[in-house]
Amino acid sequence: MKTLVITFAWLLLAPLAFAQPGSTNKKQTTTEPITVTGAIIKMTIGDGAAASYQPTNTLVVREDGSNSPGRYILNGRGHVLNKTGQVVQTGIKPGARVRVYYANMGDLRTIDHVVLLD
């Protein structure tokens with residue numbers, strides 16, 4: 001009889017020993033509409049040859065079909081790529097044929113990236 005009571009007690013306590021605690025972290029989520037406003041920036045392309053003099057943070061390009069050189073502003077590290085799309089680590093040499101992708105920001109032309117055509 002004593003063995004039967006001990007066996008019965010173990011049968012009642014065994015599920016409690018292997019039980020998993022219930023999750024008390026109930027996350028509440030709410031949704032709110034988000035409105036995003038901004039200006040549309042139009043990208044433009046200019047072709048030409050790099051000039052011999054380059055002031056700091058400026059790329060001067062003698063544009064095709066124009067007598068006056070175009071000035072482009074370099075903010076940060078502009079991406080200079082070759083024709084295959086690989087990043088070029090060297091500087092742009094004077095006279096190198098380039099294609100400049102830029103955006104007009106007021107009176108400034110800010111460079112997105114430059115592709116070396118030569």
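User: Is leucine 108 buried, partly exposed or exposed?

Analyst: This is a predicted model, in which local features need pLDDT of at least 70, side-chain atom pairs count only at pLDDT 80 or more, and totals for chains, interfaces and linings use all residues. Residues are numbered from 1 along each chain as its sequence is written, and side-chain values use heavy atoms, without hydrogens and water. Buried means under 20% relative accessible area and exposed over 50%, with partly exposed in between (1.4 Å probe, protein chains only). Because its relative accessibility is 45%, leucine 108 counts as partly exposed.

User: In which strand is leucine 108 found?

Analyst: Strands are DSSP runs of E with at least two residues, numbered from the N terminus. Residues 108–116 form the strand that holds leucine 108, namely S6.

User: Why is strand S2 largely enclosed by the rest of the structure?

Analyst: Strand S2 covers residues 58–63. It is largely enclosed because, of its six residues, the number buried is five.

User: Which residue is the bridge partner of valine 60 in S3?

Analyst: Two strands pair if DSSP finds at least two bridges between them. S2 and strand S3 (residues 70–73) run antiparallel and are joined by four bridges. In S3, the partner of valine 60 is arginine 71.

User: What is the bridge partner of glycine 48 in S2?

Analyst: Strand S1 (residues 43–50) pairs with S2 in the antiparallel sense, over three bridges. In S2, glycine 48 has as its bridge partner glutamate 63.
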